[in-house]
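Welcome! Please take a moment to look over the sequence and the 3D structure before reading on.

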Amino acid sequence: MSPAIVEQVERLLGGRTRDIRLNGELAQLFGERSWPRTAKIIRAWMVWVIVLDVLTLGLNAILLPTETVMSMLWPASILPPAALVAAIAFLRPHALWVQGVFLLSAVFLILLSVALVGVNSGGEFYERHLTIMLFVAVTAIIIFPIPLSWAMAIGAAALGLYLVFQLRNPDIEAGSALAGTLFFASGVAATVVARRTATIFAQKTFLLELRDRSRLAELTDANSQLELLARTDPLTGVANRRSMMETLNHFWNEDLKRTNGAAMLMCDVDDFKHLNDNLGHAEGDRCLVKVAGIIQSSMRDERDQVARYGGEEFLVFLPGSDQQEAGVIAERIRSRVEAASLPNPTSRVGPWVTVSIGLAISMQNGEPVSAEHMQRQADAALYLAKKTGRNRVVVHSPEVDQSLQ
């Protein structure tokens, strides 16, 4: 959701419930969410009106004289097609004004049909069907989850038809027609108010859902950020030791059998303590950030993982890499760090920052070794690289272990 929508939701929920009004994009979202339910209710109501109209006409044909039934027949025939067209119109979404035209036209024709059945029949049927017409209008207002203006239009149409036909009723006076209209108007008005209240509560529920969704999204994003922070070294931006341990455990538990081995590089900045002592910790931090970036840019793709493993030590994990390919990557890292010409004037190697790298592979004598054993071998190779002059890559071999003894 956009910030503007979130702000509008909070503002509406912060005010009084009765003052809730949805406008613009928020009203559109509410309409899209509520349309399937609204359309289903309207279609069902229209179908039942058709069924009841047919059943009533059939029952009247059995119980009433033929002449009376014939007088009911043509006005009763208005209802089914009007209701059917409305039901079909609500099979798929349309613009709001189109929906309103279909619904209000259909309801007006249905009310007119019910009223004319009584007017044409005369006698006891006259006022009875006008009352039934009002009942039909009230049920529509109550059941349909529609805008207030539509509900008011249905109520006004019903009361207008009632008044017009009652004024033409030969059995009552004009005063009685007006009094009856006012009486029923109070009931219709109460129904419209109830419809408005129900709509407000439906809109409030919608707003609460939007707020909950927004807060859940914020919480999810915050959790993701916390998870990222928990797995990232705050200085260099690469993975931290914990994240690398999870990567290694997952690889050895899940992917080792499906991958053709792996390689590991232990990279250490040469004479980093001299750099800190001579140039200060701020320059030391800048150096580590630059070295981390160089190592990261030297990887093959997103499969390769880089982590800050200690103060000035970085571990590189290369799944699916053999000794030759890992050696190329290690030499690329070493040469790029040296070429970056980061100052380290008191280094025993030269005036620039350099790195020593120990390399170990997971497949030895055709058998895989554990992640812990592989790390020890990479450490041993790194130690030998330091011992033999720094700024170099040493690959672990049995001779490395012998030279360290």
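## Annotated spans

UniProt positions are given here in the numbering used for this structure, with shortened feature names, and such annotations may be inferred rather than shown by experiment. Keep in mind, too, that this is a predicted model.

According to the unreviewed UniProt entry, the feature "transmembrane region" falls at residues 45-65, 72-91, 97-120, 132-165 and 177-194. How does the model draw these spans? Take two of them. Residues 72-91 are 80% helix and 0% strand, and 30 Å separates the C-alpha atoms at the ends of that span. Residues 177-194 are 100% helix and 0% strand, with 26 Å between the end C-alpha atoms.

Let us turn to W48, which sits in helix α2, made of residues 24-63. Is W48 buried or exposed? Its relative accessible area is 58%, so W48 counts as exposed, the cut-off being over 50%.

W48 also belongs to a nonpolar surface patch, together with V47, V51, L52 and L55. The accessible area of these residues together is about 510 Å².

## A buried valine

Now visit V114, found in helix α5, which covers residues 96-121. With a relative accessible area of 12%, V114 is buried, because the cut-off for that word is under 20%.

Which residues does V114 touch, leaving aside neighbours within four places in sequence? The contacts of V114 are L79, H129, I132 and M133.

P398 is another story: V114 and P398 are 284 residues apart in sequence, and their C-alpha atoms are 100 Å apart in space.

Note on methods: Residues numbered from 1 in each chain as written. Predicted model: local features only at pLDDT ≥ 70, side-chain atom pairs only at ≥ 80, totals over all residues. Heavy atoms only, no water. Helix = DSSP H or I, 4+ residues; strand = E, 2+ residues; numbered from the N terminus. Buried < 20%, exposed > 50% of the residue type's maximum accessible area, 1.4 Å probe, protein only. Contact = heavy atoms within 4.5 Å. Patch = residues over 30% accessible without salt bridge, like charges linked within 9 Å, V, L, I, M, F, W, Y side chains within 5 Å. Areas by Shrake-Rupley, 256 points an atom, 1.4 Å probe, with all protein chains shown as cover. Salt bridge = Lys/Arg side-chain N within 4 Å of Asp/Glu carboxyl O.
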